[in-house]
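Thanks for making time, everyone. I'll walk you through one model, going from single residues out to the way the chains meet.

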Protein chains: 2
Amino acid sequence: MPSWNDGPAKQAILDFVKTTTDKTNPKFIAPEDRIATFDQDGTTWVEQPMYSQVLFALDRVGEMAPQHPEWKTKMPFKAIVTGDKEAMSKFSMKDIELVFATTSTGMTTEAFQTITQDWMAKAKHPKFDKPYPQMVYQPMLEVMKYLRDNGYRTYIVTGGGQGFVRSYAQTVYGIPPEQIVGSALDTKYQYNKEGQGVLLREPKLLLNNNNAGKAEDIYLFIGKRPHAAFGNTAGDQQMLEYTQAGGGANLEMLVLHDDVAREFAYGPATGLPDTKVGTFSQALYDEAKAKGWTVISMKNDWKQIFAWEK
Amino acid sequence: MPSWNDGPAKQAILDFVKTTTDKTNPKFIAPEDRIATFDQDGTTWVEQPMYSQVLFALDRVGEMAPQHPEWKTKMPFKAIVTGDKEAMSKFSMKDIELVFATTSTGMTTEAFQTITQDWMAKAKHPKFDKPYPQMVYQPMLEVMKYLRDNGYRTYIVTGGGQGFVRSYAQTVYGIPPEQIVGSALDTKYQYNKEGQGVLLREPKLLLNNNNAGKAEDIYLFIGKRPHAAFGNTAGDQQMLEYTQAGGGANLEMLVLHDDVAREFAYGPATGLPDTKVGTFSQALYDEAKAKGWTVISMKNDWKQIFAWEK
C-alpha cells in the first residue's frame with residue numbers, strides 16, 4: 001500500500017489481514033466469509049462540492065432542455081437551466097426527487113447504463129478539472145486490492161444509485177455489478193417492440209441504502225456480516241456497528257476529510273472551520289472512539305490522495 | 001453428469017458449455033459473465049404435495065401452539081392444530097400470510113436461521129419419508145456442479161423465502177447466501193439488549209420473487225443477464241425470457257414432471273390426468289416450443305432422480 005504513510009491506520013489494516021488469513025490464529029476467517037464493504041462518496045472518492053450523481057442529474061437536465069421548452073419557466077428545472085445557484089440551494093427534497101425521476105427513470109436499465117457511461121467518460125470535477133474516474137482515492141484502491149489479494153470480496157455499499165455506480169464500478173474499482181449494493185429504484189418487466197423482455201426504471205424508490213438501510217441491504221444482498229467496513233459519515237454508522245457486532249476479527253474505519261490543501265476539509269471533527277455541511281458528526285467521532293474504530297486522517301495517513309498527484 | 005440419459009436435454013447442456021467456454025468460438029462467454037439461475041421448487045427439488053416452506057410454517061404452528069391456547073378456537077390456526085385438512089384447503093391468501101407472519105417474523109435474521117436449520121435437520125417429506133435435503137434432484141446437482149466446474153456462478157432464484165433457502169443452500173446445493181435470490185421480507189435494524197445491531201424480520205413483503213419479479217430481482221442482485229436459466233412453472237417464464245433476450249449463447253430449460261412412478265406427474269403438458277393443480281401450463285409449454293427452450297422430461301431424461309434411489 002505505497003500511498004499510505006506508516007501509522008495506526010495502515011497498521012490496523014495490515015494487522016487485520018495478517019490475523020484473519022493465518023490459519024493458526026484463533027481469529028482466522030474462512031475465505032468464504034471474507035467480506036469487506038465500502039461506502040463510496042467521501043470514502044472511496046470525492047463527494048464535494050456535491051455528489052457526482054447530483055452533477056450527473058443536473059447535466060442531464062441541460063442535455064434534455066431543448067426537448068423541454070417549458071423548463072424555461074417551470075421550477076425546479078428553470079433554476080437548473082438558468083444556472084440560478086441560489087434557487088438550486090433551496091431545492092426541497094421533492095424538487096430533487098423530481099429532477100432525479102425526470103433524468104433517470106422511464107428508460108430501460110440498459111439505456112440508463114449507456115447514458116451514465118457516456119457522462120462518466122466526459123464529465124469533469126468542478127474543482128480539480130479531472131475526469132470523475134480520477135476522483136477516486138488511490139489509498140482506498142490499494143486497500144481494496146490488498147484485501148482482494150488476501151481472499152476478501154469487496155463490496156461497494158453506497159447511498160448513491162445502484163445502477164449509476166454499477167455503470168463504472170468495474171472500471172474504477174475492479175468491482176463487478178453483483179457486488180454493488182446501493183439505493184435502488186423499482187424496475188418493471190416489459191416487452192420492447194421486438195417482443196423481448198426489458199426492465200424499465202420506475203420513479204419509485206425500492207431501497208434507500210443509507211443509515212439502517214445499509215445494514216439491512218447488506219443482509220439482503222450478502223446474507224452475512226462483513227468483517228471489514230469503511231465509511232465516512234453518519235450514513236455509515238449502522239454498517240460499521242453491524243460489522244463489529246458480528247464478532248470475531250473485525251475492522252471498522254472512517255475517513256476524515258481534514259486535508260483542505262489536497263482535497264476538502266469538512267465536518268466538526270476536523271477541528272477546522274466548516275467549509276461544508278459536514279456529515280461526519282461529532283457524535284460519530286465519539287462513537288468511533290468509544291468502540292475502537294479507526295479514523296483515517298487524509299492529511300496524515302495518506303501520502304498521496306490521487307493517482308495523478310505528483 | 002451420470003444421472004442423465006443421453007438425449008436432447010443432456011446434449012443441450014453439453015453443447016452450451018462447450019460453446020461458451022471455447023475461446024475460439026464466437027459465442028464464447030467471458031468468465032465474469034457466466035451466470036446460471038435456477039428456480040428451486042419443482043426445478044431443483046420436490047414441490048409436491050406442498051412447498052417445503054409451507055410445511056415448515058405448519059410445523060411451526062404445532063410447535064408454538066402450547067404457548068397459544070387461543071389457537072384451539074381461532075382460525076386459521078385452529079384448522080392447523082386440529083389437522084382439519086378440508087378447512088386448510090380453503091385457506092385464503094390472507095390466512096396463509098397470517099400463518100407465515102406468525103411463524104417467520106418478529107425475530108432476528110439469525111434466530112430465524114437457527115429455527116429453519118433445526119427444522120430442516122429433522123423434517124421428512126410426507127410421501128418419500130426422507131429428510132428434506134434428500135428431496136433434491138441428483139441430475140440438477142450434477143448440472144450445477146458441471147456449470148461451476150466450467151466457470152459458471154450458480155444462483156437460486158426462488159419464489160420461496162430468501163432467508164429460508166439460505167439456511168440450507170450451502171449444504172444442499174453448494175451455493176452461498178449471496179447467490180440466493182428469493183422473496184424477501186423487510187428487515188429492521190435494531191439494537192439488542194447488549195446494544196448490538198441486529199436485524200428484525202418484519203411482516204412486510206419487500207420482494208415477491210415470482211414471475212416478472214424474477215427478472216427484476218436478477219437485475220437487482222446480479223446486474224447482468226444470466227446465460228442459462230432453469231425453471232418449471234409459469235413463475236419462471238420471465239426469467240427464461242429475460243435470459244434469452246440477452247442474446248449470445250443462452251440456454252433455457254424447463255423441468256416437466258411426467259414421472260408418476262418415481263416422483264409426481266402434474267400439469268396439462270404431461271398428457272397425464274392431473275393429479276395436482278399444474279402450474280406448468282400449456283401456454284408455457286407452447287412458448288418453450290416456439291422459442292426453442294428445452295423441456296427436460298424427468299421420465300426420459302433422468303436415469304436417477306434422487307441420490308438414494310437404487
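One term before we start: when I say contact, I mean heavy atoms within 4.5 Å. And please keep in mind that this is a predicted model, where local features need pLDDT of at least 70, side-chain atom pairs count only at pLDDT 80 or more, and totals for chains, interfaces and linings use all residues. As for bookkeeping, residues are numbered from 1 along each chain as its sequence is written, chains are lettered from A and ligands numbered from 1 in the order in which they are written, and side-chain values use heavy atoms, with hydrogens and water left out.

So, what does A:Asn209 touch, leaving aside its neighbours within four places in sequence? The partners are A:Val157, A:Thr158, A:Gly159, A:Val181, A:Gly182, A:Ser183, A:Lys214 and A:Asp217. A:Asn209 sits in the loop between strand S4 (197-207) and helix H9 (212-221) of chain A. Helices (H or I, at least four residues) and strands (E, at least two) are DSSP runs, by the way, numbered from the N terminus.

Is A:Asn209 buried or exposed? Buried, because its relative accessible area is 0%. The cut-offs are these: buried is under 20% relative accessible area, exposed is over 50%, and partly exposed is in between, with a 1.4 Å probe and protein chains only. The side chain of A:Asn209 also has a polar contact, reaching the backbone oxygen of A:Val181 at 3.4 Å. Polar contact here means a pair of N or O atoms within 3.5 Å; within protein, one must be able to donate a hydrogen and the other to accept it, and residues adjacent in sequence count only if both atoms are side-chain atoms.

Over in chain B, have a look at B:Ser183, which is in strand S3 (residues 180-191). B:Ser183 counts as buried because its relative accessibility is 11%. A polar atom of its side chain lies 2.7 Å from the backbone oxygen of B:Gly159. Beyond four places in sequence, the contacts of B:Ser183 include B:Gly160, B:Gln162, B:Leu205 and B:Asn209.

How many of the 10 residues of H9(A) are buried? It's 9, so the helix is mostly covered. Among the buried ones are A:Lys214, A:Glu216, A:Asp217 and A:Phe221. After H9(A) comes A:Gly223, with a positive phi near 75°.

What does this helix meet across the interface? A:Tyr219, A:Leu220 and A:Phe221 in H9(A) meet B:Gln162, B:Gly163 and B:Arg166 in H8(B). The axes of H9(A) and helix H8 (residues 162-173) of chain B come within 11 Å and cross at roughly 55°. That angle makes H9(A) oblique to H8(B). For the wording: under 35 degrees is roughly parallel, over 145 roughly antiparallel, 65 to 115 roughly perpendicular, and the rest oblique. The axes are lines fitted to C-alpha atoms, for helices over the stretch in contact, and angles run from 0 to 180 degrees between N-to-C directions.

How do the whole chains relate? Chain A can be laid on chain B with an RMSD of 0.0 Å by a turn of 180° and a shift of 0.0 Å along the axis. So the two copies are related as by a two-fold rotation axis. In chain A, the C-alpha nearest that axis belongs to A:Phe221, at 3.3 Å. The same surface serves both copies, with 100% of the contact residues of chain A recurring in chain B. The superposition is by least squares on the C-alpha atoms of residues with pLDDT of at least 70 in both.

A:Asp129 has a positive phi, near 55°, though it isn't glycine. A:Asp129 counts as exposed because its relative accessibility is 52%.

Lastly, confidence: pLDDT is the predictor's confidence in each residue, from 0 to 100. Chain A averages 94, and 96% of the residues score at least 70. The model scores ipTM 0.95 and pTM 0.96. Residues 274-278 of chain A, though, stay under 50. Where pLDDT is low, the predicted coordinates should not be read in detail.
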